[in-house]
Amino acid sequence: MRVKKVREKSIFITLCVAPAVILFVIFMLIPTFNVFKMSLYKWGGYSNNKEFVGLNNFKILMEDSNFFRSFQNTVLLIACVTIVTMALSLIFAAILSREKIKGQNILRVIFYIPNILSVVVISAIFSAIYDPNSGLLNSIIGIFRGTEKTPILWLGDQKLVIYSLVIAMIWQAIGYYMVMYMASMASVPESLYESANLEGASKIRQFFSITLPLIWTNIRTTLTFFVISSINISFLIVKALTNGGPDGATEVFLSYMYKQAYTNSSYGYGMAIGVVVFLFSFGLSALINFVTKREPLEF
Amino acid sequence: MNLSKLYKIFIYVALLALAISIVIPVGWVFLASIKENSEFYGNPWTLPKGIYFQNFIDAFEKAKMGEYFLNSIFVTCLALLILLVVALPAAYVLARYRFFGSKLINIMFMGGLFINVNYIVVPIFLMFVDADKFLRLLGTDGFFLNNLFVVALVYASTALPFTIYLLSGFFVTIPRDYEEAAYMDGSGYFRTMVQIMMPMALPSIITVILFNFLSFWNEYIISMTLLTKDSKTLPVGLMQLMQAQKAAANYGQLYAGLVIVMLPTLILYILVQKKLTQGMSLGGLKG
């Protein structure tokens, strides 16, 4: 009787867990393993002659100026987008959860909209905004600086284009993080603000001495995830909006990887880039985790 | 007094500016989608002269957005179905039972949260290329590439870590008494799971469906890579329209396509926005 019961239980467990494990192994674990493996081969893709070259791909990578350009672009994007998005979403979240604002709910609903749109949709919207001749942005600016001047090429100017992307990425991310911070700010007890008010602490002081320290754990986790997801979102936006152009000015890590793998058909080299990006994002999140470490506060 | 009034005004201006920067471009796309092509030259702020519905007909027929729409619905629904059937039992068992290897499997799925699809899409593609080559050697047609079912399977698989993480987090919080009572009454493991535990998890299941619906519907890197021939999903079709527009300046069609892609998500969002923003604080983070 008991043996039968144990058997029944292990059959149940196996049937429940096995499909998930099998799918995970086939479509996530093995491909991840393959990224690392293929980075050690020289391989044109469709042909079968894979040649083991050890770390040679990485050696070439170190001297690849295009890769360094994509590296610079990615770091610039991450730095700008992270700082601005975090600062703005924290401030707006604090305002919306502390102040009595009319139409608070509708504002919250609106702010979250960009997060539900496909990156392709966002790219199409921004290409309408940034269009040099009939774009929304230039036509507004035209009112102030006169229409007879040459239009600003938001996506065509090599120096400007990266900041145009920064704005698009901030637009996409800000609502999501704001709603997230509002949720965690709601758990800060009201009594703390009441006593701070009694003692005459200003709102800005309250923000820095009460709100920020108490949701610090949440900020830390979101920061780590934000950096990792910025690397991905930058790829998605670049792929749909500029495709790395003009002339490589917006090439980011993963778009360069994708380009090497498909357009250039050097899969091995592309995967070597993938490995470097993988390690870079892990290193960066470890660094952020280390730098932002504080004693967690209880409340 | 004056200072606090100024502060209040500043807050309202800042909040409104952000709201406007979101509402205006999205609303503008809707207006642009009913403009005639000739209306796109000159000032972009003019209102449409009439409702030019032909844009949508063109987008549906000429740009094949109608066909892509059906593809997207098929892939999204199938992927959600596979995901729920696979992830729910796994999440339940992993949250409830300790067995040989359970710790390892838990760690594996946690690690999976950090694997992003964009890194592994190339190896997945190559894996299918190899598999198809092998099938052709056996004399059958290729199966894996250009197959909507396979795309749905890949979607579901890559969503597993996040979904299992979210659902197990919920199952852990339910007291064991419910199951013990069920076992006492002679209910088997399967019946207990399906009839007692899953209905209780319904709020979490709805959150899972919402988040994954959005990510499957909006996804385009996997579908762009794995569907190389005629059948595409909506976002990939939209990208095609964007590229075609650069050459042919067919604005009306492009914005009609844009509306077709975002309208379902917007409607869903308006219907369930409370649930979505609540679920977020419950589920934590997305990758």
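**Close-up 1. B:N146 sits in the loop between α5 and α6 (148–173) of chain B.** Keep in mind for this view, and for the others, that we're looking at a predicted model. B:N146 isn't a glycine, yet its phi is positive, at about 60°.

**Close-up 2. Over in chain A, A:D247 is found in the loop between α10 and α11 (253–261).** Here's another residue that isn't a glycine but has a positive phi, about 55° for A:D247. With 10 other C-beta atoms within 10 Å, A:D247 counts as exposed, because the cut-off for that label is 12 or fewer.

**Close-up 3. Helix α5 (residues 119–130) of chain A crosses helix α10 (residues 216–241) of chain A.** The two axes come within 9 Å and cross at roughly 55°, which is why α5(A) and α10(A) are described as oblique to each other. And the hand of this crossing? α5(A) and α10(A) make a right-handed one. On the α5(A) side, look for A:V119, A:V120, A:I122, A:S123, A:F126 and A:S127. They meet A:I233, A:L236, A:I237, A:A240 and A:L241 from α10(A). Sort the residues of this contact by class and you get nine nonpolar, two polar and no charged.

**Close-up 4. Here a helix of chain A meets a helix of chain B: α12 (residues 267–291) of chain A and α5 (residues 117–137) of chain B.** Their axes come within 9 Å, with a crossing angle of roughly 150°. The crossing of α12(A) and α5(B) is left-handed. Which residues of α5(B) take part in the contact? They are B:Y119, B:V122 and B:L126, and they meet A:Y267, A:G270, A:M271, A:G274 and A:F278 of α12(A). The contact of α12(A) with α5(B) has six nonpolar residues, two polar ones and no charged ones.

Note on methods: Residues are numbered from 1 along each chain as its sequence is written. Chains are lettered from A and ligands numbered from 1 in the order in which they are written. This is a predicted model: local features need pLDDT of at least 70, side-chain atom pairs count only at pLDDT 80 or more; totals for chains, interfaces and linings use all residues. Axes are lines fitted to C-alpha atoms, for helices over the stretch in contact, and angles run from 0 to 180 degrees between N-to-C directions. Helices (H or I, at least four residues) and strands (E, at least two) are DSSP runs, numbered from the N terminus. Angles under 35 degrees count as roughly parallel, over 145 as roughly antiparallel, 65 to 115 as roughly perpendicular and the rest as oblique. A crossing is left-handed if the near helix is turned anticlockwise from the far one by less than a right angle, and right-handed if clockwise. Two residues are in contact if their C-beta atoms, placed from the backbone, lie within 7 Å. Ala, Val, Leu, Ile, Met, Phe, Trp, Tyr, Cys and Pro count as nonpolar, Asp, Glu, Lys and Arg as charged, and the others, Gly among them, as polar. A residue is buried if 20 or more other C-beta atoms lie within 10 Å of its own, exposed if 12 or fewer, and partly exposed in between; C-beta atoms are placed from the backbone.
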